[in-house]
Amino acid sequence: MNGHGKSDSAVVPGKPSNESADREEERVEGRELAKGKPREDGAFRTQGRGDAKTGLERVREAAEGDRRQKFTALLHHVYDVERLREAYRAINPKAAAGVDGETWKHYGEELEGNLRDLSERLRRGAYRARPVRRVLIPKSDGGQRPLGVPVLEDKIVQRAVAEVLSAIYEPEFVGFSYGFRPERRAHEALDALATGILTRKVNWVLDADIRSFFDKLDREWLVKFLEHRVGDERVIRLVKKWLAAGVLEGDEWQATEAGTVQGGSISPLLANVYLHYVFDTWVKRWRRTQAKGDVIVVRFADDFVVGFEHQAEAEWFLAELKERFRKFGLELHSEKTRLIEFGRHAAEERARRGEGKPETFGFLGFTHLCGKTRNGRFTVIRQTMRKRLKAKLKTVGTELKRRMHAGIPALGAYLRAVMTGHMQYYAVPLNLAAVKEFRQGLVLLWRKSMSRRSQRARVTWERMKELEKRWIPPAHICHPYPDQRVRVMTQGRSRMR
């Protein structure tokens, strides 16, 4: 998840110039053959277990070699018992059960028999999708996000289908697309964005939010998009079954006319396919044919940021994007979508106009600010979003109340895990103060919890210092600077393409 961004008409360091368009795009987006492995069109002559190409490897190579090829025989990859077994093992054993109550552990007691039966039903078309159980998950802004819990067998089959479809679409997805893709994590998207702003002529940033994307996604368009590459109607029918399965709230079944339920194993891939055609390919074409200045793009699932050199082009893009989304049943959230002045000249320009400090924007849990290094150079500062920090501390406080009478080793181990997990995500350069603030919040909550259960005086700070030193790791930076990770991941080629 990283890279530099520049308009397609500009020269990009490391960009090949004398190869075909497809190979050029592959290299610019950072997709290359393994070192020392020349491409071979056929399978190895010996079909031993160690060197034979798997069916999906052949699918992936065919998809990469011909971006227009449709695949008409895919279902056998789905009902392959070994693939179903791998899909089962990839499911969280502690995940909630669906409407049938089947658990991972119980299903695994007769795993081979169950998988063979599932494989046979898939093969002869007897497999039926079940409704998903809807649960509401609290959001950091106080709202609730509806998530669907499919039955276990639907989870298994969806994972298998997602793996097959990924073999087709991964070579096609663009470099600035992140989220729910192999080896593309949130920090790579964050580093790509920061590096793009630092290395390109970015003066304006579009911070966009799609309103209820998973609920508004147009199913007819989704199926059309899938049919660009998937010619096996049996696989298309599986997707249609999941889309039409409906949801169960309590004892009441409800049909869903649009969207795809969040929580299903297939939903992230379907979302990426939908936005690939609706947003990604359109943005690439717009940047190449319309923009005169630099344009950078980073998309993580349905959350994206676009940077522009010129304000007029940013406004033009936003107007056309709204119309583009309207055609495909989507809309931008009017209150959460903003075009702001942001970049190396933003502070100077706003000061000249008497408008105060540059505005900030949020992306993937971080507030992005215009700042300066110690030697006065422009930089992008990323700080933990306040509402995220407060929401997490509130959750920890609730959990400590629940565990109030647990022993100190148990509480210490819990808080150590919380602090470690927090640092693994938020401990990026220039964010140490916020990480320290979170750690201090944990200490205060622990002291408050221990004092409540004490029958004597409050726990002294001397005692708390001993406990925090023993159990809560000190705050420190865990991630490299953005440009360092970008150089490693792209080797000079842009993932903004």
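Colleague: What should I know about the model before we start?
Modeller: The model is predicted, so local features need pLDDT of at least 70 and side-chain atom pairs count only at pLDDT 80 or more, while totals for chains, interfaces and linings use all residues. Residues are numbered from 1 along each chain as its sequence is written, and side-chain values use heavy atoms, with hydrogens and water left out.

Colleague: How many salt bridges does the structure hold?
Modeller: There are 27 salt bridges, each being a side-chain nitrogen of Lys or Arg within 4 Å of a carboxyl oxygen of Asp or Glu.

Colleague: Which residue pairs with Glu 331?
Modeller: Glu 331 forms a salt bridge with Arg 211, at 3.6 Å from N to O. This pair links distant parts of the chain, 120 residues apart. Glu 331 lies in the loop between α13 (311–327) and β9 (338–341), and Arg 211 in the loop between β4 (204–209) and α9 (213–216). Helices (H or I, at least four residues) and strands (E, at least two) are DSSP runs, numbered from the N terminus.

Colleague: Is Glu 188 buried or exposed?
Modeller: Glu 188 counts as buried because its relative accessibility is 2%; buried means under 20% relative accessible area, exposed over 50%, and partly exposed in between (1.4 Å probe, protein chains only). Arg 185 is its salt-bridge partner, with the closest N and O atoms 3.3 Å apart.

Colleague: Which residues are linked in a network of salt bridges?
Modeller: That network joins Glu 341, Arg 350, Arg 353 and Glu 355.
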